[in-house]
Amino acid sequence: MVKPADTKTAASRKAPKGTRSAAETEKIRAALSSRRDELTVEHSQTLTEITVLQRDRFTDSAGDDQADTGTKTFEREQEISLANSILDRISQVERALERLDEGGYGWCERCGNPIPVERLAAFPSATLCVTCKQLEERR
């Protein structure tokens, strides 16, 4: 006889709370907040650099041929991509802070198992355990 499938997903299951002390939680919060602040400064600096480069490119475009124009466009797209990447990392850190407030930080969003401390040390905003992340990357 076939058992009915569990209709609850790992995301809807609550991770066990109280497995970390208040001091540990504050240490994690401080590290994540510090990382968010660093990324915010980096993003501001990147936007400033993009603005300056755009202004320089605009005033120094006389006599450009198609190759020069293409190169400048490619460089601009790379710079914008870098700025967007920094914004994505800021969002990941903010999501980690939200998970910390909710009590789900350190627990896999897919399977509900704890994320190894080593993984969190290397990638503090991780939301998936190693196994689930490997499965996601194979798809």
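Biologist: Hi! What volume does the largest pocket have?
Modeller: About 370 Å³. Bear in mind that this is a predicted model.

Biologist: Thanks! Which residues lie nearest the centre of that pocket?
Modeller: R20, I28, Y105, V117 and L120 do, out of 17 residues that line the pocket.

Biologist: And which helix gives the most to the lining?
Modeller: That is α1, with six residues. Helix α3, residues 117-122, is also involved, as α1 and α3 each supply at least two lining residues.

Biologist: How many of the lining residues are nonpolar, polar or charged?
Modeller: The lining has 11 nonpolar residues, along with two polar and four charged ones.

Biologist: Let's switch to confidence. What is the mean pLDDT of the protein chain?
Modeller: The mean is 82, and 83% of the residues reach 70 or more. Among the elements, helix α4 (residues 130-138) has the highest mean, 92, while α1 (residues 22-59) has the lowest, 88.

Biologist: Where does pLDDT stay under 50?
Modeller: Over residues 1-18, where the model has 15 contacts beyond four places in sequence.

Biologist: Okay, on to α2. How far apart are its end C-alpha atoms?
Modeller: They are 53 Å apart. Helix α2 has 37 residues, 66-102, so at 1.5 Å a residue the helix should span 54 Å, and the two values agree.

Biologist: Which of its residues are buried?
Modeller: Among them are I86, I90, V93 and L97, and also the residues K72, E79 and R99.

Biologist: What follows α2?
Modeller: G103 does, and its phi is positive, near 90°.

Technical notes:
Residues numbered from 1 in each chain as written. Predicted model: local features only at pLDDT ≥ 70, side-chain atom pairs only at ≥ 80, totals over all residues. Heavy atoms only, no water. pLDDT = per-residue confidence, 0-100. Helix = DSSP H or I, 4+ residues; strand = E, 2+ residues; numbered from the N terminus. Contact = heavy atoms within 4.5 Å. Expected span 1.5 Å × (residues − 1). Buried < 20%, exposed > 50% of the residue type's maximum accessible area, 1.4 Å probe, protein only. 1 Å grid on protein atoms, 1.4 Å probe; cavity = no way out; pocket = protein on both sides within 12 Å on 5 of 7 lines; lining within 4 Å. Points joined across faces, edges and corners; volume = space filled by probe spheres on them. Nonpolar A, V, L, I, M, F, W, Y, C, P; charged D, E, K, R; others polar.
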